[in-house]
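Please examine the sequence and the structure shown here before reading on.

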Amino acid sequence: MKHGIHFFDRSVFTTAIQDFTAVIKEDPMNAQARLYRGRAYAKQQQYRNAIEDLSAALHLDPFCWLAFYYRGCILRHVDPKRALQDFSVSVLINDTQENFYSFLHRGVIYAEQCQWSFAICDFESVLALDRSVIFAYLSIGLIMLLHLDQYYKAIQLFTDAIEVDPLNVRAYICRAQAYHKIHNLQDAVRDINRAIHLYPNKSQLNILRGKYLMEMKKYELSSLCIHQVAEIDEESFKSQPVQRALIQSFCQNHNKAIECICEVIAIQPEPSMYVLLGKIQMKAKKTKDAMESFKYATKLLMASGRTLPNTFEAAEMHYLIGLCYMEQVNLLKACDAFSVAIRLHSSYPDAFYQRGLCRMQLGQDKCIHDFNQTLALCPSHFQAYMSRAVYYGSKGRYSKAILNCNEALKIDPNSVRAYFYRGTLKYQNKTYKVAIEDLSKTIDLNKSCILAYYNRAVSYNQIKDFRKALKDYGILLLLELKKEIVFKVLINRGLLYVELGDYANACEDFKEATLHRPFDSQIFQAIGICYHRINEFEEAVRSFNQVLKLDPLSVDAYVGRGNSYMENGQEPDRKQAQKDFLKALHLNPKCVKGRICLGYNLQALGKFQKAWNQFTIAIDIDPKCHAAYDGRASVCLQMGETFAAFQDTNAALKLTTTAALLTNRGVINQFMGYLSCAMRDYQNAISVDPDYALAYFNAGNIYFCNRQFSQALGYYSKALQLEPRNESAVMNRAITNTLLKNIEEAKEDFEKAVSLCPFSAAVYFNRANLHYGLKQYELAEKDISTALSIQPNDALMYKFRADIRAKLGFRKEAIDDYKQAISIQEQINSI
């Protein structure tokens, strides 16, 4: 017996079997000899003899746990049920560290039978007996990772395995896969790098690292990994041409990849190889060749029968043929190919999806049924949700489209496309603030998303947040844009500046836009209007001239140019303006704007009746044109028809209520002597538009006339706050301050009035009054002399200077001024 055990321990199993056989012949009841011989038979793969000996040993010694263990090991693959029984009896007899392998093997069998909880219990029992068994950690971790979706527990188990054996490559690979499941790609790459450090020539590890780097959007590093595999490990792939083809295809070496597959097909012309060849040809943009490969694959598949089998393999071939037809924009044939794929394999979500895309491009509403079926088969199909959103969006069903974007974002929470499209849908749904939130998220995810900036700027414009809209347009112009987008941005920003009243900047944007569209008359029209608004009338005329060169029949250009001529205020310019207005009316006799402008032109030329006629015609053409009523009212007022002016202004106010119209009616009421009504109109004008300076000024004048100087001062100050260069308001406030004894303030206002109107005799006359009241006679004499130099035939000013000179003791000069005042007054009286 000892002789046999000696040879058994040294793996000389033939001699050991002979020795144990001799012992059994002498002592047939020797259970130990049966056990050892059974083990020796197992080592020599004589499993039948081994099982007989182990069974005999158990018959002789029913408590021999080793016999149960070894018999279980032999039966593990051929009879798992009996093997489980043997391992269970073995651990029942001996559950100590000595027999932990029984727990281990039983756990493996349970795992193979998908009894995950039992398997985990056995592996945990192994770890309870021996904490250094790496296999047990890895087994539990893989069950958690692959079958129970408990990724964090799996990571902990793989970490425990690494702590036991820091050089275990499998543990690093498994933990990397677990990190990948929880989207912790950085740690996944770190573990793969450690595995590569331990096994640098393992090409599959480099491929896996490349995959993870690609998901991290580090495309250059990912590509480098795959290229390294293709170059460094090329020799090892000679025996694996398919793998080599896939690597070359990834590296964009499509011709080499095709050569590799062709080598395989020459030896092994199977349908699957033709399918792989077709896929590589599709990547190489050889769509026609790819289609031929897929069609040949279907012929090979039909070789054994007249029809295609209802298998996924056959369905995939037609699906790929459909993709080729789509690439060739042959949508009807593509749709038919996808339908065949669905008939062969009814649970093919991608085939339903692609057929839905074809039908949507063909304008067929039943595409929605395909998208619905796709999602029924694969609820996590991101593209199906997005396509369904596009369909509903195209039908104007924005709320339903937004719901589909929400579902897509549950699948991919960082999808730039989903956030962007949901933002545009919310814009279409007129929920601008939430649209801005989605577009901002899009920009956070992709700082160079041009359309997101553009749409966000438009949304900011809608909610009147002009500063942020201008900022987004500015950012867009710093990016590299297509000319068409640059043009749209410039036009939009120019229109935004117009809305803000910043015509100078608007003009600059429109001028730059002309570089992209030099023959667009509308842009030059906008430039002309901007120049007109910033009082550069000559430039405005040039812009309108350019419009008329491009479009000689442009009514708006004639009207715009006429208005620009009118602003110059000279008689020849007014005549030229009249010609332009008449040309506009010749082209379009019903042009209300042209009629109104012609009316104002005739009014400026003193032809009040003709002006009245033009405004009346404009009212006949458009009875709801308040500007025509307002224009006719101004003519009536000049003609002395105050009540008619009052009626026209009331008619305009029935159509629209503006601060300007209310102020105009206030002026008419003031002419008619109804000061309380005038004041009410001015106050109403202020309530309609708190920034309308003229209403404050006119209200201040009424307070001044009523000698309510404190109130007048407040209104004049408000008018000047809104319109600092209003010389009339400055002078009136200066006079008011004089009457209120606010001497320093009055002096400041007169100084400002002089700077604004250096040739106004009234300013110097009123300042002379101030100096006279302060007994500053020299300054008063200087100011009144200046006033007389500007307005020499004013008897009152001569009389006032005579009074001042008398105070200064200039008797002779004073007498001369009195005489001059009398002479002028006599001349006036004689007339």
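Is Glu508 buried, partly exposed or exposed? In this predicted model, Glu508 has a relative accessible area of 45% and is therefore partly exposed, because that class covers the values between under 20% for buried and over 50% for exposed. Its salt-bridge partner is Lys511, with the closest N and O atoms 3.3 Å apart. Lys511, at 31% relative accessibility, is likewise counted as partly exposed. Both residues belong to helix α30 (residues 503–516), where a separation of 3 residues amounts to about one turn of the helix.

A second pair has another setting. Arg561 and Asp580 form a salt bridge whose closest N and O atoms are 2.8 Å apart. This pair links distant parts of the chain, since Arg561 lies in helix α33 (residues 555–568) and Asp580 in helix α34 (residues 571–587), 19 residues apart. Arg561 is buried, with a relative accessible area of 10%, and Asp580 is buried at 0%.

Helix α48 (residues 811–830) contains both members of a further pair, Lys812 and Asp816, which are 4 residues apart, about one turn of the helix. Their closest N and O atoms are 3.5 Å apart, and they form a salt bridge. Here Lys812 counts as exposed at 59% relative accessibility, whereas Asp816 counts as partly exposed at 36%. In the whole structure, 29 salt bridges are found; a network of them links Glu781, Arg801, Arg805 and Asp817.

Ile784, Tyr473 and Phe510 touch the most other members of the largest nonpolar core, which has 114 residues. Helix α29 (residues 483–500) provides the largest share of this core, 7 residues. Another core, of 53 residues, lies apart from it and includes Leu320, Tyr325, Ala337 and Leu357.

Ala337 is also one of the residues touched by His318; the others are Thr298, Leu308, Val340, Ala341 and Leu344, not counting residues up to four places away in sequence. His318 lies in helix α19 (residues 312–327) and is buried, with a relative accessible area of 16%.

The annotation can be set beside these features. Residues 382–415 are 79% helix and 0% strand, with their end C-alpha atoms 10 Å apart.

Helix α39 (residues 659–671) has 13 residues and reaches 18 Å from its first C-alpha to its last, close to the 18 Å expected at 1.5 Å a residue. Among its buried residues are Leu661, Leu662, Arg665 and Ile668. The buried residues of α39 pack against α37 (626–638), α38 (642–655), α40 (675–688) and α41 (693–705). Gly673, which follows α39, has a positive phi, near 90 degrees.

Finally, Ala111 is found in helix α7 (residues 100–112). With a relative accessible area of 21%, Ala111 is partly exposed. Not counting residues up to four places away in sequence, Ala111 touches Trp116 and Ala119. Ala111 and Ile140 are 29 residues apart in sequence and 9.5 Å apart in space, C-alpha to C-alpha.

Conventions:
Residues are numbered from 1 along each chain as its sequence is written. This is a predicted model: local features need pLDDT of at least 70, side-chain atom pairs count only at pLDDT 80 or more; totals for chains, interfaces and linings use all residues. Side-chain values use heavy atoms; hydrogens and water are left out. Helices (H or I, at least four residues) and strands (E, at least two) are DSSP runs, numbered from the N terminus. A nonpolar core is a set of buried Ala, Val, Leu, Ile, Met, Phe, Trp, Tyr and Cys residues joined through side-chain atoms within 4.5 Å. Buried means under 20% relative accessible area, exposed over 50%, partly exposed in between (1.4 Å probe, protein chains only). The expected span of a helix is 1.5 Å times one less than its number of residues. Contact means heavy atoms within 4.5 Å. A salt bridge is a side-chain nitrogen of Lys or Arg within 4 Å of a carboxyl oxygen of Asp or Glu.
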